[in-house]
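Have the structure open as you read.

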Amino acid sequence: AAATQNLSYERHTAELTNCIIAFLSPILPTEEEYRIKEATRRQLERLAGKVSPGAKLLAFGSMANGFALRNSDMDLCCLIGKAADGSTPPFSASALVEELGQLIREETDFNVMPLPKARIPIIKISRPPTAELPYEISCDIGFENRLALENTRLLLSYAMVDPPRLRTLVLFLKVWTKRRKLNSPYTGTLSSYGYTLLALFFLTHVKRPAVLPNLQRIPPARTLSQEEVLLNGHNIYFYDDVATLRQEWASQNTENVGELLIDFFRYFSKEFTYSRDVISLRTEGGLMSKDNETWTAELCIEDPFQLGYNVSRTVTKDGLYTIRGEFMRAARILTSKADHVARALAELCE
Ligand code: ATP
Ligand code: MG
């Protein structure tokens, strides 16, 4: 009987996997969307060059980490022009926000909202879709946020090690959290970045055998200098030779995405000890104990590079209660509606 049950569970999760892939395929960005966004990036980079000669505008976040859905926001980071000796001249992010914001307003048809006084000064720009450019563009430009470029590269490297499973899992979580309104750091829940770290923690540290290796703990192929490893005092090392990893990292874990997703929801509804543990991807076991000084929040997820910094500090007690309730609902729907998997997925994302 147990064997029959296993077989039917396997069949169920295989079908769920197919349904997830079919569900996602029409909401992935098109080539055209990437092209238009890239053209926008270049246009803005040209303007940034007028304010700070030699400035670069680099994409980070979902447009660069392999986890984009259709019509995702664009996150851009402006690296200001270098001095003759290669160093970064002193700058004021607030002044740059004012100046570049003004220029974009004068020279383009974007709506521009400079936020020079924000904790992290940014320029918010947007443009509604038109007949010729049928994509809404909504973009944040920040300055010299090099850690964000690095953590984007870390996520991209993970995405490339096991693309079918990690990417599918993260993309599904993003759609689901957005539809269920669980993806809004401003109102007490968690950012996409936070959910992505939860998925990475789960695949690297919870699942046995692991689906992913811990890139921050694979030794480098050659000795690295301090300058290569340290960025503003943060250790940003991770093993980034993805080509080698794809050849050599063969996960013994054969679970499909459907099975992993159900298990993810189960783990975070019942097993993870929110009151005791801090998720910390970079560590050997992926967990640290909460203390009473640094880690006091309801949900604690340490940034992979900024030690002691809680990515989920926006999550309130109510927010976490809601999120956990949603994890339970998801686990229930995905396991009980075995007769019609596509319908269960639709209900899950209502
Ligand atoms: P979406 O498609 O929903 O915009 P995203 O993949 O762009 O998702 P965001 O949560 O918007 O994810 O984050 C974009 C980038 O900003 C991340 O890759 C990360 O570099 C940085 N970031 C976002 N939130 C934080 C945070 N709490 N702490 C540090 N960096 C963050
Ligand atoms: Mg984003």
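A crossing counts as left-handed if the near helix is turned anticlockwise from the far one by less than a right angle, and as right-handed if clockwise. Before using that, some housekeeping: this is a predicted model, where local features need pLDDT of at least 70, side-chain atom pairs count only at pLDDT 80 or more, and totals for chains, interfaces and linings use all residues. Residues are numbered from 1 along each chain as its sequence is written, chains are lettered from A and ligands numbered from 1 in the order in which they are written, and side-chain values use heavy atoms, with hydrogens and water left out.

Now take α5 (residues 146-161) and α7 (residues 192-206), whose axes come within 12 Å and cross at roughly 45°. Helices here are DSSP runs (H or I, at least four residues; strands are E, at least two), numbered from the N terminus, and axes are lines fitted to C-alpha atoms, for helices over the stretch in contact, with angles running from 0 to 180 degrees between N-to-C directions. That angle makes α5 oblique to α7; under 35 degrees would be roughly parallel, over 145 roughly antiparallel, 65 to 115 roughly perpendicular, and the rest is oblique. The crossing of this pair is left-handed. On the α5 side, N151, L155 and Y158 make the contact (heavy atoms within 4.5 Å), and on the α7 side it's Y193, T196, L197, L200 and T204.

Helix α1 (residues 2-24) meets α10 quite another way: the axes come within 6 Å and cross at roughly 95°. That makes α1 roughly perpendicular to α10. Y9, H12, T13, L16, T17 and I20 of α1 touch V257, G258, E259, L261, I262 and R266 of α10.

On to the rings. The whole structure holds 18 aromatic pairs, meaning rings of Phe, Tyr and Trp (its six-membered ring) with centres within 6.5 Å; planes under 30 degrees apart are stacked, over 60 edge-to-face and the rest tilted. One of them is F264 with F327, edge-to-face at 5.9 Å centre to centre and 90° between the planes. This pair links distant parts of the chain, 63 residues apart: F264 sits in α10 (residues 257-271) and F327 in α11 (residues 317-336). Both are buried (under 20% relative accessible area; exposed is over 50%, partly exposed in between, with a 1.4 Å probe and protein chains only). Y267 and F272 form a tilted pair, 6.2 Å centre to centre with 50° between the planes, and both are buried.
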